[in-house]
Amino acid sequence: MIERMELFRAVAERRTNEIVVMTMTATLQWPLVSDSELDFDFLAFGMGHAADFGLGLAIARPERKTIVWKGDGGMLMSLGSLVTLARYAPENLVVFLLENRSYEMVGGQELPPRADFVELARASGFAGGGAAGNGKVERIDSLEAFQDTLPRILTEAGPHFIVLPVTNREKLPPVNHSDHAGRIRTLRKALKVS
Amino acid sequence: MSEKGASAQKTVRKLHELGFTHALMIPDSESRLLYEALENDPEIDLITPCREGESVAIAAGLWTGGLKPLLVIQNTGLMEAGDSLRGCGVGPRVPLRMMVGWRGYGGATAGKLPIDSAYTFTEPLLQAWRIPTWRLMSDDDLGTLELMDHTAAETSYPAAVITGYGFKP
């Protein structure tokens, strides 16, 4: 298991020009380590669809990677999207699946215990899939292994679907759902889209 | 007046004129000829998600990144995609361009019973979201695509055409 904030710190330290899309509890903790106009808070934009939004962004902006922090509960809400990602995801999409086996944002209720997200991604055709056939599915169980692997993930051709079993010891900041229209236009401005 | 249904080939030509880069579409029986035309089109990239909620979110991502997608979505899929349309279109005022297939229109207007509930709720649903709509029922109505496109751009809000008779070649 990996402490979630340590994951976020590891990515924030190495991040350069990547777009970062996040949802649910990641929207509360990622801003503690990052303050970038290329960060996009997907909270309240559509349950379960953060990686789908990231797919559109990655296709539109091939010059940089798009990273998505997504939860396992959200993944269950749109399992079919794994098949879509496996077919269309470009080389610059990275999906980090934060696996805490619970609906943490709404009280920590348990997820279906036997769902295996690595196997689901593989069965969807993600490994060896994606638009260019470079799709990679991995599970990383420790911070040390993640730190060792991260430089490769951020530079090699993907798409990547990385399952990360996480815990969280830290108190979550309060939820902020405000200004959806402003959030999306801030990102467009940062991408220099008119 | 032209015969019922718009030409798929003419519709695609109009989409070229309007500068669409992508179409998000899941095949259905009434729009299959448009699907086939887009599948074979070299200018517009066709993306076929598994469910319509995905389509809306992918389209919003494409637009945020500077591209111009069209959502082609049957009314039943529109109903499934409600939260995604709310969250990725209506709420953040993303100018999603939509072509909504009106399943049940032909039967209902011909007096066939039972009325398909998908027919009954299509226009009220779009009205509830305050999404402006135009009817695309034949080649005579192809100009509605331009109206829909310009309205979405000017208002920065979703806009839709509704197709009642499907497509002919």
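Predicted model: local features only at pLDDT ≥ 70, side-chain atom pairs only at ≥ 80, totals over all residues.
User: Why is B:Arg103 called buried?

Analyst: A residue counts as buried if 20 or more other C-beta atoms lie within 10 Å of its own. B:Arg103 has 24 such atoms within 10 Å, so it is buried. Its place is in the loop between β5 and α6 (105-109) of chain B.

User: Which residues is B:Arg103 in contact with, leaving aside its neighbours within four places in sequence?

Analyst: They are B:Glu30, B:Gln74, B:Asn75, B:Thr76, B:Asp116, B:Ala118 and B:Tyr119.

User: Is A:Arg122 buried, exposed or partly exposed, and what makes it so?

Analyst: A:Arg122 has 18, so it is partly exposed. A:Arg122 sits in helix α6 of chain A. Not counting residues up to four places away in sequence, A:Arg122 touches A:Ala127 and A:Val137. A:Phe161 is 39 residues away from A:Arg122 in sequence, with 9.5 Å between their C-alpha atoms.

User: What makes strand β5 (residues 93-99) of chain A largely enclosed?

Analyst: The count of buried residues does: seven of the seven are buried, so the rest of the structure largely encloses the strand. In a regular strand the side chains alternate between the two faces of the sheet. For β5(A), one side holds A:Leu93, A:Val95, A:Leu97 and A:Glu99, and the other holds A:Val94, A:Phe96 and A:Leu98. These residues are all buried, and both faces are covered.

User: How do you know that β5(A) pairs with β4 (residues 66-71) of chain A, and with β9 (residues 160-167) of chain A?

Analyst: Pairing needs at least two bridges between the strands. Six bridges join β4(A) to β5(A), and six join β5(A) to β9(A), so both pairs meet the requirement. The strands run parallel in the pair with β4(A) and in the pair with β9(A). In β5(A), A:Leu98 is the bridge partner of A:Gly71, while A:Phe96 stands opposite A:Ile162 in β9(A).

User: Why is helix α5 (residues 80-88) of chain A described as mostly covered?

Analyst: Seven of its nine residues are buried. Those are A:Ser81, A:Leu82, A:Val83, A:Thr84, A:Leu85, A:Ala86 and A:Tyr88. Their cover includes α3 (50-60) and α6 (117-123) of chain A, together with β3 and α3 of chain B.

User: What does chain B put into its contact with chain A?

Analyst: 25 residues of chain B are in contact with 28 residues of chain A. On the chain B side, α3 (52-64) and α5 (82-90) each supply at least two residues. α3(B) gives the most, with 10 residues. By class, this side has 13 nonpolar, eight polar and four charged residues.

User: Why are helices α1 and α2 of chain B called oblique to each other?

Analyst: Angles under 35 degrees count as roughly parallel, over 145 as roughly antiparallel, 65 to 115 as roughly perpendicular and the rest as oblique. The axes of α1 (residues 8-17) and α2 (residues 32-39) of chain B cross at roughly 50 degrees, coming within 9 Å. The helices are therefore oblique. Their crossing is right-handed. B:Ala8, B:Gln9, B:Thr11 and B:Val12 in α1(B) meet B:Leu33, B:Leu34, B:Ala37 and B:Leu38 in α2(B). This contact has six nonpolar, two polar and no charged residues.

User: What makes β3 and β6 of chain B edge strands?

Analyst: The open sheet of six strands has the order β3-β2-β4-β5-β7-β6, with parallel pairing. β3 (45-47) and β6 (133-136) each have a single partner strand, so one side of each is left without a neighbour in the sheet. Neighbouring strands here are turned by 25 degrees against each other on average, direction ignored. β6(B) pairs with β7 (residues 159-163) of chain B in the parallel sense over four bridges.

User: Which helix lies across β5, β6 and β7 of chain B?

Analyst: Helix α8 (residues 143-155) of chain B does, running at about 160 degrees to β7(B). α3(B) lies across β2 (22-25), β3 and β4 (69-74) of chain B, at about 170 degrees to β4(B).

Notes:
Residues numbered from 1 in each chain as written. Chains lettered and ligands numbered in written order. Contact = placed C-beta atoms within 7 Å. Nonpolar A, V, L, I, M, F, W, Y, C, P; charged D, E, K, R; others polar. Axes fitted to C-alpha atoms, helices over the stretch in contact; angles between N-to-C directions. Left-handed = near helix turned anticlockwise from the far one by under 90°. Buried ≥ 20, exposed ≤ 12 C-beta atoms within 10 Å, placed from the backbone.
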